[in-house]
Amino acid sequence: MAPRFLTLADVSEILNVSAPQAYALVRSGELPAIQIGGRMQWRVEASELERYIERMYAETRARNAQGATSDGTV
């Protein structure tokens, strides 16, 4: 069974970004997360990460479609 919550290290590995980039996504609210425990460690729900990835795909498709229509190139 896959874990429900991921650490920021897990997130950075899955997204292939640096730890500071993963932290920035969480701190900005772009990637929803919670802080737990006495040391207030960040945790990202796996389903939230999947939603974030889908959102990024949708934004990329929209950006690409807009670029293709505005300058005539693909």
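Start with β1 and β3: these two strands pair in the antiparallel sense over two bridges. Keep in mind throughout that this is a predicted model.

**The sheet**

Now bring in β2 as well. The three strands form an open sheet in the order β1-β3-β2, with antiparallel pairing. β1 and β2 (34–36) stand at the edges with a single partner strand each, so one side of each has no neighbour in the sheet. On the β2 side, three bridges join β2 to β3 (residues 41–45), again in antiparallel fashion.

Select F5, which sits in strand β1 (residues 5–6), and look across to E45 in β3, which stands opposite F5. Then pick I36 and find Q41 of β3 opposite I36.

Next, colour β3 by face. Which residues of β3 are on the covered face, and which on the uncovered one? W42 and V44 make up the covered face, while Q41, R43 and E45 make up the uncovered one.

**The turn between β2 and β3**

Zoom in on the hairpin of β2 and β3, where four residues lie between the strands. G37 takes a positive phi near 80° here. Go on to M40, in the loop between β2 and β3. M40 also has a positive phi, about 55°, although it is not a glycine. With a relative accessible area of 44%, M40 counts as partly exposed.

N16 is exposed, at 69% relative accessible area.

**A nonpolar patch outside**

Switch to a surface view and select F5, I34 and I36. Together they form a nonpolar patch on the surface, with about 230 Å² of accessible area. F5 itself counts as partly exposed because its relative accessibility is 34%.

**The core**

Hide the surface and select L6, L8, V11, A22, L25, V26, L31, W42, V44, L49, Y52 and I53. These twelve residues make up the largest nonpolar core. Now colour by element: α1 (8–15), α2 (19–28), β3 and α3 each supply at least two residues of this core. W42 and V44, the covered face of β3, are both among the core residues. As a general point, nonpolar side chains in soluble globular proteins tend to be buried together.

For a closer look at the packing, centre on L49. What is L49 in contact with, leaving aside its neighbours within four places in sequence? The list is L6, V11, I14, L15, L31 and V44.

**Two salt bridges**

How many salt bridges are there to find? The count comes to two.

For one of them, show the side chains of E45 and R4: they form a salt bridge, with the closest N and O atoms 2.8 Å apart. E45 lies in strand β3 and R4 in the segment before β1, so this pair ties together parts that are 41 residues apart in sequence. Are these two residues buried or exposed? E45 counts as partly exposed, at 23% relative accessibility, whereas R4 is exposed, with a relative accessible area of 55%.

For the other, move to E48 and R51, whose closest N and O atoms are 3.0 Å apart. Both belong to helix α3 (residues 46–71), and because they are three residues apart there, about one helical turn separates them. R51 is partly exposed, with a relative accessible area of 45%.

**Last stop: S47**

Stay in helix α3 and click on S47. At 31% relative accessibility, S47 counts as partly exposed. To finish, draw a C-alpha to C-alpha distance from S47 to L31: the two are 11 Å apart in space and 16 residues apart in sequence.

Definitions and conventions
Residues are numbered from 1 along each chain as its sequence is written. This is a predicted model: local features need pLDDT of at least 70, side-chain atom pairs count only at pLDDT 80 or more; totals for chains, interfaces and linings use all residues. Side-chain values use heavy atoms; hydrogens and water are left out. Patches are made of residues with over 30% relative accessible area and no salt bridge: like charges are joined within 9 Å, nonpolar side chains (Val, Leu, Ile, Met, Phe, Trp, Tyr) within 5 Å. Accessible areas come from the Shrake-Rupley method with a 1.4 Å probe; for residues, only the protein chains shown count as cover. A salt bridge is a side-chain nitrogen of Lys or Arg within 4 Å of a carboxyl oxygen of Asp or Glu. Buried means under 20% relative accessible area, exposed over 50%, partly exposed in between (1.4 Å probe, protein chains only). Two strands pair if DSSP finds at least two bridges between them. A nonpolar core is a set of buried Ala, Val, Leu, Ile, Met, Phe, Trp, Tyr and Cys residues joined through side-chain atoms within 4.5 Å. Contact means heavy atoms within 4.5 Å.
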